[in-house]
Amino acid sequence: MIQRIQTIYLVVSAIVMGALFMWFPVVLGKDGSVIMERSEPLIFGLIFVSIALAIISILSFKKRQLQFVLNRLNIISNFVLLGVFVYRLLTLSGETIVSEKGIGVLFPIISIVFLVLANKAIKRDEDLVKSVDRLR
């Protein structure tokens, strides 16, 4: 059913990733050159994949196993995005402001937390359905 708690978790995850895309800071170096921005193909692609997987997972509420797999793929894409952010932040020079450098790293972590919560709720639903089927 679409009104389950995992739907709320998935919507929050999609909103967090949408917020990451909307408010992602452009990190500039000391000389004014752009070091990292949201229109880079890798960052844009990973954010888009994360949002798309969350929406597809919401719409496939009748297929719990598919939902579970899509959420795991979404968690992997968020870990890759987190790795890209951490790599870029570690290769930056120390001349940029710390809050500008690290604010984008929190959003994939928050999204991962909500995706794990959604997977736990899907697993609970699947266990409930299996236990009812056993009684028949």
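**Helix packing, question by question**

Mentor: Start with Phe 114, which sits in helix α4 (residues 98-135). Helices here are DSSP runs of H or I with at least four residues, strands are E runs of at least two, and both are numbered from the N terminus. This is a predicted model: local features need pLDDT of at least 70, side-chain atom pairs count only at pLDDT 80 or more, and totals for chains, interfaces and linings use all residues. Residues are numbered from 1 along each chain as its sequence is written, and side-chain values use heavy atoms, with hydrogens and water left out.

Trainee: Where in the protein chain is confidence highest?

Mentor: pLDDT is the predictor's confidence in each residue, from 0 to 100. Its mean over the protein chain is 84, and 80% of the residues reach 70 or more. Strand β1 (residues 27-28) is lowest, with a mean of 64, and the highest mean, 92, belongs to helix α2 (residues 41-59).

Trainee: Is Phe 114 buried, partly exposed or exposed?

Mentor: The cut-offs are relative accessible area under 20% for buried and over 50% for exposed, with partly exposed in between (1.4 Å probe, protein chains only). Phe 114 has 23% relative accessibility, so it counts as partly exposed.

Trainee: Which residues does Phe 114 contact, leaving aside neighbours within four places in sequence?

Mentor: Contact means heavy atoms within 4.5 Å. Val 12 is 102 residues away in sequence, yet its C-alpha lies 7.2 Å from that of Phe 114. The contacts are Tyr 9, Val 12 and Ser 13.

Trainee: How are α1 and α2 oriented, roughly parallel or roughly antiparallel?

Mentor: Axes are lines fitted to C-alpha atoms, for helices over the stretch in contact, and angles run from 0 to 180 degrees between N-to-C directions. Those of helix α1 (residues 5-23) and α2 come within 9 Å and cross at roughly 160°. Angles under 35 degrees count as roughly parallel, over 145 as roughly antiparallel, 65 to 115 as roughly perpendicular and the rest as oblique. So α1 and α2 are roughly antiparallel.

Trainee: How many charged residues are in the contact of α2 with α3?

Mentor: The axes of α2 and helix α3 (residues 64-91) come within 9 Å and cross at roughly 160°. Arg 88 of α3 is among the residues in this contact. Ala, Val, Leu, Ile, Met, Phe, Trp, Tyr, Cys and Pro count as nonpolar, Asp, Glu, Lys and Arg as charged, and the others, Gly among them, as polar. By class there are 15 nonpolar, 7 polar and, for charged, 1.
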